[in-house]
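Hello,

Here is the structure for your files. Please open it alongside this note; my findings follow below.

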Amino acid sequence: MSDLYYVLDASAFINGFEPKSDFNITVSEITDEVKDLKSRLILNQAIDDGKIIIQEAQKEFLDKLDETIAKSGDDLRLSGPDKKLLAVALALLDEGKEIKVLTDDYSMQNVLKILDIPYESIITEGIKGVYNWKKTCEGCKKEYPADYPFDDCEICGSKVFKRRIKTY
Ligand SMILES: [Zn+2]
């Protein structure tokens, strides 16, 4: 476990976040965005266990965020919860904490770049590891590379399906 503060947006939970630090922060509005039942159960459990800490955005940092966005001149589409999450990230940085925002949301990542806040994507870089796609035959379990062009197995003729595998 590291001292890094992870600031999590809804996509982090939906894409299977697993705590790697003692400090996992989000805002309550984000938890409302997690609609999928399984992700929601995992999230609620993590909150109950104290693994996820809910913080409120402070007006000071929401204002600072609005200012920066206005200055950048980019057309940044941010939801209310996203803004609150970014304000929480700014507050943590202001406290001198080392943070990383976990998000798979492209507009969020754009804003994070502009704000110079470190971030990581769950799916591509992966707090859970690196994933690759492979194809596997559901009959004989033969594995094929992701670019295997056929829907059926060359050995047994069963259906070949694509799945995500963790490489490390
Ligand atoms: Zn087969």
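F61, L62, L65 and D66 of helix 4 meet K83, K84, L86, A87, L90, A91 and D94 of helix 5. Contact here means heavy atoms within 4.5 Å. By class, this contact of helix 4 with helix 5 has seven nonpolar, no polar and four charged residues. (Ala, Val, Leu, Ile, Met, Phe, Trp, Tyr, Cys and Pro count as nonpolar; Asp, Glu, Lys and Arg as charged; the others, Gly among them, as polar.)

A word on the source. This is a predicted model: local features need pLDDT of at least 70, side-chain atom pairs count only at pLDDT 80 or more, and totals for chains, interfaces and linings use all residues. Residues are numbered from 1 along each chain as its sequence is written, and side-chain values use heavy atoms, with hydrogens and water left out. Helices (H or I, at least four residues) and strands (E, at least two) are DSSP runs, numbered from the N terminus.

Back to the helices. The axes of helix 4 (residues 59-72) and helix 5 come within 8 Å and cross at roughly 105 degrees. Axes are lines fitted to C-alpha atoms, for helices over the stretch in contact; angles run from 0 to 180 degrees between N-to-C directions. The two helices are therefore roughly perpendicular (65 to 115 degrees; under 35 is roughly parallel, over 145 roughly antiparallel, the rest oblique).

Helix 5 (residues 80-94) also packs with helix 6 (residues 106-115), at about 30 degrees and with axes 12 Å apart. That makes helix 5 roughly parallel to helix 6. D82, L85 and L86 of helix 5 make the contact with M108, V111, L112 and L115 of helix 6. Six of these residues are nonpolar, none polar and one charged.

Best wishes
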